[in-house]
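I opened my notebook today to look up a few things in a protein structure. Here are my entries, in the order I made them.

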Amino acid sequence: MTTPTSSSRPLRLTDIGELIAAVPALLGFRPTRSLVVLTLSPATAGPGSGGSATIGAVMRHDLLLDGPRHTAPDRMHDAFRRFRAVCAREGAESVIAILVDDRLSDPHGPDAERAHTIVEEFAASLAGADITLGGALAVPAIDAGATWFVPGRGECGTVPDPDASVVAAARVFDGNPIRRARSELTALLEPYPTGFREEVADSLDEAARTRDLTYERAERAGGAGYADRAELQTLLSHVARAGDGADRLLPGEYAELAVILANRTVRDAVLALASGPWADAAERLWLDLARALPDPERADAAALVAFGAYVRGDGPFAGVALKAALESDPRHRLSDLLDQALQAGLLPEAIRGLAATGYELAARLGVELPQDGTAR
């Protein structure tokens with residue numbers, strides 16, 4: 001079985017333990033109480049490829065083991081439908097399901113029976129789309145030495161060290177961290193202390209008044225495009241500061257940037273930064289803003305965090321950021337569109353056109369974002 005990496009050479013996994021150990025690297029964090037689904041398709045024909053398969057989409061949903069032993073909860077069936085839709089669109093012929101839950105330490109216990117029920121009902125759901133459940137595995141945790149088993153059957157084995165997985169090594173080499181838990185992703189967007197955010201909120205009205213006057217003067221001098229260009233350049237200067245490791249901004253500066261991001265032309269233009277040489281610096285600024293701004297203003301910054309994560313293939317972090325954005329502003333259009341794409345399992349390539357549009361918008365405003373990392 002092979003898994004794709006950012007390099008041209010795929011990585012080969014040869015046993016069940018290796019596959020389970022690779023899951024944290026494939027997801028970007030170690031899942032707990034989760035149903036993880038890996039889509040499979042036949043490997044491209046070539047030397048040594050006979051009988052192997054290639055891992056495609058990797059998906060996760062909370063695993064619900066509470067309730068009756070002989071029927072899966074309704075929320076699990078909702079997850080089955082979403083998984084099936086992604087598999088069908090991907091053209092997957094089969095999938096592997098991995099159930100990760102600390103309650104699955106006894107292969108013969110009542111929770112193992114519930115896990116077996118979930119596996120059977122998931123298989124039936126997939127069969128409705130002519131997709132085969134090629135295998136199901138259960139493990140209490142993805143840790144070195146943990147015992148995995150096949151629900152409803154006697155097979156079992158041991159998980160090798162996930163940190164030593166070849167997939168983990170490739171992910172780290174590519175500059176992508178593997179977090180110990182999903183909570184680490186949530187912590188990256190944890191709001192700053194309430195008192196500081198209130199100072200930012202108190203500065204918003206004055207920032208909006210100042211912006212309106214400045215924008216009106218610029219518009220009179222050179223038109224709306226001229227005014228938008230000035231706001232874009234202001235935002236880019238803060239991205240550059242973030243890239244240089246500047247300290248936290250003052251409340252009034254956060255408020256100013258919140259008002260600028262409310263300009264949809266400017267916000268959509270900086271989507272370009274997600275795929276360019278300023279990606280890291282931009283993400284630092286968007287994260288800082290998402291933690292400092294009050295609701296609903298933080299939704300714009302959180303959406304930009306989500307877009308950057310989505311584009312680089314970090315679906316779990318994109319999902320966390322979109323959740324924050326939509327909790328801040330349930331009607332936030334960009335967040336809603338990205339969330340629908342993510343829930344449907346669309347690959348990063350499907351949304352990268354937004355970054356290209358951002359470059360076009362910036363160019364239309366007279367701001368070039370070249371590949372050498374400078375803006376002018």
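**Aromatic rings**

I began with rings and found that Phe-80, Phe-83 and Phe-122 are linked into a cluster by ring pairs. For my search, rings of Phe, Tyr and Trp (its six-membered ring) pair if their centres lie within 6.5 Å; planes under 30 degrees apart count as stacked, over 60 as edge-to-face and the rest as tilted.

A note on the source: this is a predicted model, where local features need pLDDT of at least 70 and side-chain atom pairs count only at pLDDT 80 or more, while totals for chains, interfaces and linings use all residues. Residues are numbered from 1 along each chain as its sequence is written, and side-chain values use heavy atoms, with hydrogens and water left out.

How many aromatic pairs does a search of the whole structure find? I got 4 aromatic pairs. I then looked at Phe-196 and Tyr-254: the ring centres are 5.7 Å apart and the planes are at 90°, so this pair is edge-to-face. The pair links distant parts of the chain, since Phe-196 is in helix H6 (residues 194–222) and Tyr-254 is in helix H8 (residues 251–261), 58 residues apart. My helices (H or I, at least four residues) and strands (E, at least two) are DSSP runs, numbered from the N terminus.

Are these two residues buried or exposed? Phe-196 counts as buried because its relative accessibility is 15%, and Tyr-254 is buried at 0%. Buried means under 20% relative accessible area, exposed means over 50%, and partly exposed is in between (1.4 Å probe, protein chains only).

**Charges over rings**

Next I looked for charges over rings (NZ of Lys or CZ of Arg within 6 Å of the ring centre and within 35 degrees of the ring normal). Phe-196 came up again: Arg-248 lies over its face, 5.0 Å from the ring centre. I also noted Arg-211, whose charged end sits over the ring of Tyr-215 at 4.2 Å from the centre.

**Salt bridges**

How many salt bridges does the structure hold? I wrote down 22 salt bridges, each one a side-chain nitrogen of Lys or Arg within 4 Å of a carboxyl oxygen of Asp or Glu. A reminder to myself: side chains of opposite charge can pair when their charged atoms come close.

I checked three of them.

- Arg-153 and Glu-155 meet at 2.7 Å, N to O; Arg-153 is exposed at 54%, whereas Glu-155 is partly exposed at 34%.
- Arg-209 and Glu-206 meet at 2.9 Å, N to O. They are 3 residues apart in helix H6, so about one helical turn separates them. Arg-209 is partly exposed at 49%, and Glu-206 is partly exposed at 45%.
- Glu-349 pairs with Arg-352, with the closest N and O atoms 3.4 Å apart; Glu-349 is exposed at 53% and Arg-352 is partly exposed at 34%.

I also found a network of salt bridges that links Arg-33, Asp-101, Asp-102 and Arg-103.

**Backbone notes**

Arg-33 lies in the loop between helix H1 (16–27) and strand E3 (34–42) and is partly exposed at 37%.

Asp-130 also has a positive phi, near 60°. I placed Asp-130 in the loop between helix H3 (110–127) and strand E6 (132–139), and it is exposed at 72%.

Which peptide bond is cis, with omega near 0°? I found this at the bond from Asp-295 to Pro-296. Pro-296 is in the loop between helix H10 (279–292) and H11.

**The nonpolar core**

Last, I looked inside. A nonpolar core is a set of buried Ala, Val, Leu, Ile, Met, Phe, Trp, Tyr and Cys residues joined through side-chain atoms within 4.5 Å. The largest has 86 residues, and Tyr-254 and Leu-273 are among those that touch the most other members. Helix H11 (residues 298–311) gives the most to this core, with 11 residues. Apart from it I saw another core of 30 residues, including Phe-83 and Leu-104.

For Leu-273 I listed contacts (heavy atoms within 4.5 Å). Leaving aside neighbours within four places in sequence, its partners include Leu-236, Trp-286 and Leu-369.
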